[in-house]
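I opened my notebook to look up a few features of this structure. I went through them one by one.

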Amino acid sequence: MPRMFGTDGVRGLANRDISAELALGLGAAAARVLTVAAGAEGRRPRAVIGRDTRISGDFLSAALAAGLTSAGVDVVEVGVLPTPGVAHLTATTDVDLGVVISASHNPMPDNGIKFFAHGGFKLEDAIEDAIEASLGAAWDRPIADGVGRIEEDARAADRTYIDHLVAATGRPLEGLRIAIDCANGAASDIAPLALREAGADVVVINASPDGRNINDDCGSTHPEQLQAVTVASGAAFGVAFDGDADRCIAVDHEGTIVDGDQIMGILATAFKEHGRLAEDTLVVTVMSNLGLILAMREAGIRTVQTAVGDRYVLEAMRAGGFSLGGEQSGHIIASDHATTGDGLLTALLLAARVVETGRSLAELGSIVTRLPQTLVNVPDVDKVRAGTDEGLRDAVAAAEQRLGDTGRVLLRPSGTEALVRVMVEAATQEEADAVAGELADVVRARVALG
């Protein structure tokens, strides 16, 4: 049986895969596992629950709160709040665990449940497995005044998170016009307030959630509206968040995309300049563009590469004591200020760098010259043999030798499908396309199923 928990919690079609019954069970199971892990025996444990704007968040929040309180946990429901806001509350207030109901950038019919342990960090695999194993197991239910209580505290939670964001900015943003696309998601109220309190002149789009329009042709996965509005409004730059605002991408004043790799390059050089880049190291995933790696090398910054997923970036950061890392998709973790990826924090740090340097985002982002990248998905193949087949390994080695220092090859098996992703970067798009096509043919020939 596959694991219930993926790289970012439990996710699927709301009311089918992610049902009220599942949420109820997960709440009770997480309470039993995480309150023990947090050392909450002998006192009444507390949890905070936040969600994005999906209509299904209402019934899932109610079910999770019921599960937690049935296990003796007092619950604070903060309503709609970005994922990093819930993580911040879990890290800085007197709670033992946090829960976010969101499917991030997925379409509205989906939803998900992810937990934060005491301290605001995502769960380790072993803890997730313990929660899954506890589902349906017999347990002693508290009675009488042993059951938990539910309170609502959205206003105080919003205020705490906004104050944290503004304090992290480090400098006023007066005179800076920023366009923001809130994806009709969890950032819709918080992001405009935080940026305005930091001093920015803010042009806002897609901040009218109705429970159905989250991520609907907007936000970080659909930046076309933001590109047009940024140019039309004369903004210095624009940022687009995803549904739960744990990531963002940017566009410069001409509407050109500035992706997570470029944002990391900008922030890494800023942190290094101010002595805040621990060990002069940036943590990235294997999918970050080689152009970022080369740019950081030129700037005297070491890069550490991890598997894809911000949880793996954070694991490497914590293990090495590093202060900055992230993904090409815009999940950026600045560990001096946050325990998880935070799109709003990233936007504010980026704005502060623009103000500090007096340079445009386009100029700052030019530190990273993106190499042409081609990704080919090869379905119906044996993923295990793809990692051991000598003929395929020889073909990859030959391709890497052909590409030299200005290219690379990556073969990644899918986590859920009989599929291998072939990614090639090269000095030209034509070369990247050609090498990726050739290697895809080798994968099909060597490790096809059947």
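Predicted model: local features only at pLDDT ≥ 70, side-chain atom pairs only at ≥ 80, totals over all residues.

I take helices (H or I, at least four residues) and strands (E, at least two) as DSSP runs, numbered from the N terminus. Residues are numbered from 1 along each chain as its sequence is written, and side-chain values use heavy atoms, without hydrogens and water.

**Entry 1: helix H4**

I looked up the end of H4. Gly136 follows H4, and its phi is positive, near 80°.

Next I asked which residues of H4 are buried. For burial I use relative accessible area: buried is under 20%, exposed is over 50%, and partly exposed is in between (1.4 Å probe, protein chains only). In H4, residues 125-134, the buried ones are Glu128, Ile131 and Ser134. They lie on the same side of H4, because they cover an arc of only 125° around the axis. That arc is taken from the directions from the helix axis to the C-beta atoms. Ala126 and Ala133 are exposed on the other side of H4. I noted the general rule: an α-helix has 3.6 residues a turn, so residues three or four places apart point the same way.

**Entry 2: salt bridges**

How many salt bridges does the structure hold? I counted a side-chain nitrogen of Lys or Arg within 4 Å of a carboxyl oxygen of Asp or Glu. The structure holds 28 of them.

Arg44 lies in the loop between helix H1 (20-37) and strand E2 (46-51), and Asp74 lies in strand E3 (residues 74-80), so the pair ties together parts that are 30 residues apart in sequence. Arg44 is partly exposed at 34% relative accessible area. Asp74 counts as buried at 16%.

Asp52 and Arg54 form another salt bridge, with the closest N and O atoms 2.8 Å apart. Is Asp52 buried or exposed? Asp52 counts as buried, at 0% relative accessibility. Arg54 is buried too, with a relative accessible area of 0%.

Then I turned to helix H15. Asp441 and Arg444 form a salt bridge, and their closest N and O atoms are 2.8 Å apart. They are three residues apart in H15 (residues 429-447), which means about one helical turn separates them. Asp441 is partly exposed at 48%, and Arg444 is partly exposed at 39%. I also found a network: salt bridges that share partners join Asp8, Arg11, Lys114, Lys122, Asp244, Asp246 and Asp310.

**Entry 3: charges over rings**

I called a charge over a ring if NZ of Lys or CZ of Arg is within 6 Å of the ring centre and within 35 degrees of the ring normal. Arg276 has its charged end over the ring of Phe271, 4.3 Å from the centre. Arg318 lies over the face of Phe121, 3.7 Å from the ring centre.

**Entry 4: a sheet**

I looked up an open sheet of three strands. Its order is E16-E18-E17, and the pairing is antiparallel. Two strands pair if DSSP finds at least two bridges between them. Strands E16 (373-379) and E17 (408-413) stand at the edges with a single partner strand each, so one side of each has no neighbour in the sheet. E16 pairs with E18 (residues 419-425) over seven bridges. Val376 stands opposite Val422 in E18.
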